[in-house]
Amino acid sequence: MMALNNTQLRYYDSNILRLPADKRKEYHAQVDRLIDELCKSVRNKTEIKITNIVKAAPFAKYTILRNTAFDPVEVEGVRYSSGRDAAKVTHFRLRGTSCGLLRE
């Protein structure tokens, strides 16, 4: 097994593992549009009030890895909700409602 030096490790991290900066910006812009559309749909079609959506995990820290045939780019977010329906339904139902609205 060949040992790698710091320069080789940095190259591998920057050029092989991590998503390139231009793609990170593109994906973040897509996620921002998705969040805006979700908030509009929820506001117009439900009584749930989204108080905040926060990008989470490596995506939020801009340390997201490149997608592969086995591991697509994954985006995680945390949604804070309130309103009459939010207290009555489970997490899975809220997630289903959100996914349904995004598909419309």
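Modeller: Helices (H or I, at least four residues) and strands (E, at least two) are DSSP runs, numbered from the N terminus. The model is predicted: local features need pLDDT of at least 70, side-chain atom pairs count only at pLDDT 80 or more, and totals for chains, interfaces and linings use all residues. Residues are numbered from 1 along each chain as its sequence is written, and side-chain values use heavy atoms, with hydrogens and water left out.

Biologist: In what order do the elements of the protein chain run from the N terminus on?

Modeller: The protein chain contains five helices and two strands. Read from the N terminus, their order is α-α-β-α-β-α-α.

Biologist: What radius of gyration does the protein chain have?

Modeller: The radius is taken over C-alpha atoms, and the globule rule is 2.2 Å times the number of residues to the power 0.38. The C-alpha atoms fill a box of roughly 60 × 25 × 25 Å along the principal axes. For a compact globule of 104 residues the rule gives a value near 13 Å, but the protein chain has 18 Å.

Biologist: In which helix is Ser41 found, and is Ser41 buried or exposed?

Modeller: Relative accessible area decides the class: buried means under 20%, exposed over 50%, and partly exposed in between (1.4 Å probe, protein chains only). Ser41 belongs to helix 2, residues 21-45. Because its relative accessible area is 14%, Ser41 is classed as buried. The buried residues of helix 2 include Val31, Ile35, Leu38 and Val42 besides Ser41. The answers are therefore helix 2 and buried.

Biologist: With which residues is Ser41 in contact, leaving aside its neighbours within four places in sequence?

Modeller: Contact means heavy atoms within 4.5 Å. With the neighbours within four places set aside, the contacts of Ser41 are Thr46 and Leu101.

Biologist: How far does helix 2 reach from its first C-alpha to its last?

Modeller: The expected span of a helix is 1.5 Å times one less than its number of residues. For the 25 residues of helix 2 this expectation is 36 Å, and the span in the model is close to it, at 36 Å.

Biologist: What separates the C-alpha atoms of Thr97 and Val42?

Modeller: Thr97 lies in helix 5, residues 91-103, whereas Val42 is one of the buried residues of helix 2. Thr97 counts as partly exposed because its relative accessibility is 28%. Thr97 and Val42 are 55 residues apart along the chain, and their C-alpha atoms are separated by 8.6 Å.
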